[in-house]
Amino acid sequence: MENVKGKVNIHPVTYTLNGLKIAANVYTPAEYDASKKYPAVVVAHPNGGVKEQVAGLYAQRLAELGYITITADASYQGASEGTPRNVDKPYFRTLDIQGMADFISAYPGVDADRLGALGICGGGGYTLNAVKSDKRFKAVATLSMFNSGQVRRNGYMNTQLDSIQTRLKEASDARVKELAGEVVYSGNVDFDALTDESISKIPTDLYREGMMYYGKTHRHPNSTFRYTTSSLMDLMRWDAMDNIELINVPLLLMAGEKADSLYMSEEALQKATGTKDKELFKIPGATHIQTYFVPEYVDQAVSKLKDFYGRTL
């Protein structure tokens with residue numbers, strides 16, 4: 001990657017959060033001038049994702065519109081520090097978003113009074129959580145929002161309601177093993193073993209197309225679906241919708257019209273009673289994963305964000 005004068009530039013940065021070194025990328029607009037003032041947006045990546053995938057694409061596109069943006073690998077994930085690897089707990093994921101806000105608010109040229117948030121998939125649920133109490137954010141948007149706690153607890157599309165207690169026991173047992181030095185993981189996928197045939201048999205669009213996106217078309221060595229099984233103790237008692245009425249800033253929820261995850265954005269719209277300025281924008285024809293990379297859907301989402309942040313930041 002080579003930065004070119006007069007175009008969006010990408011600046012790899014590191015900072016310390018909660019005692020861990022975080023790896024992030026800052027995107028500055030074309031003709032960026034540190035003596036001027038720019039609005040800024042923090043971009044939170046999906047579960048299992050890293051900053052180089054969809055989060056980086058949207059950070060880049062927003063920088064093209066004149067925003068200074070940042071996207072970071074979550075603590076314990078990607079190129080950021082933290083052991084054991086791939087801990088996925090709401091507390092840390094929420095803190096990651098606040099950590100990005102800490103860093104970018106002090107970045108040369110950033111107008112800290114014009115700070116927005118964009119969360120994608122699981123990062124969307126955690127972004128809603130951060131904005132409930134962090135009043136530095138003046139506007140919040142999500143793309144293909146995924147309520148990780150609800151899904152880990154109830155199953156995707158509420159398909160695992162009958163095994164909640166069993167899975168909580170497995171998570172508790174995994175914590176005991178972890179204390180003894182053995183880390184147990186859930187969501188293990190061998191991307192090398194994925195065949196088009198095996199992927200085609202996955203019944204839900206999100207997981208089927210997610211396997212293609214993460215396992216084949218947009219694969220990255222730091223990206224993995226796995227997470228420590230003990231994380232489920234925290235995930236399964238958490239919900240992005242709890243206290244969502246605390247969000248009192250403009251809220252834009254974007255999701256594919258055909259996404260089987262649309263129900264989560266619809267629930268958020270209904271329950272976010274603390275703001276009158278709220279909208280669910282359905283991207284015509286799109287599924288969940290298609291909003292990550294299909295040019296026509298990305299363009300529609302970016303166009304909507306241009307209007308939304310242009311009005312609110």
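First, the term: a salt bridge here is a side-chain nitrogen of Lys or Arg within 4 Å of a carboxyl oxygen of Asp or Glu. By that rule, the structure holds 19 salt bridges.

Quick note on where this comes from. We're looking at a predicted model, where local features need pLDDT of at least 70, side-chain atom pairs count only at pLDDT 80 or more, and totals for chains, interfaces and linings use all residues. Residues are numbered from 1 along each chain as its sequence is written, and side-chain values use heavy atoms, with hydrogens and water left out.

Let's start with D234 and K89, whose closest N and O atoms are 3.8 Å apart. D234 sits in helix α8 and K89 in the loop between β4 and α2, so this pair ties together parts 145 residues apart in sequence. Helices (H or I, at least four residues) and strands (E, at least two) are DSSP runs, numbered from the N terminus.

So is K89 buried or exposed? It's buried, at 17% relative accessibility. Buried means under 20% relative accessible area, exposed over 50%, and partly exposed in between, using a 1.4 Å probe and protein chains only.

Next up, D277 and R311 form a salt bridge, 2.7 Å from N to O. D277 is in the loop between α9 and β10 while R311 is in helix α11, so parts 34 residues apart in sequence get tied together. D277 is partly exposed at 28%, and R311 is exposed at 53%.

Last one: K51, E52 and D73 are linked in a network of salt bridges.
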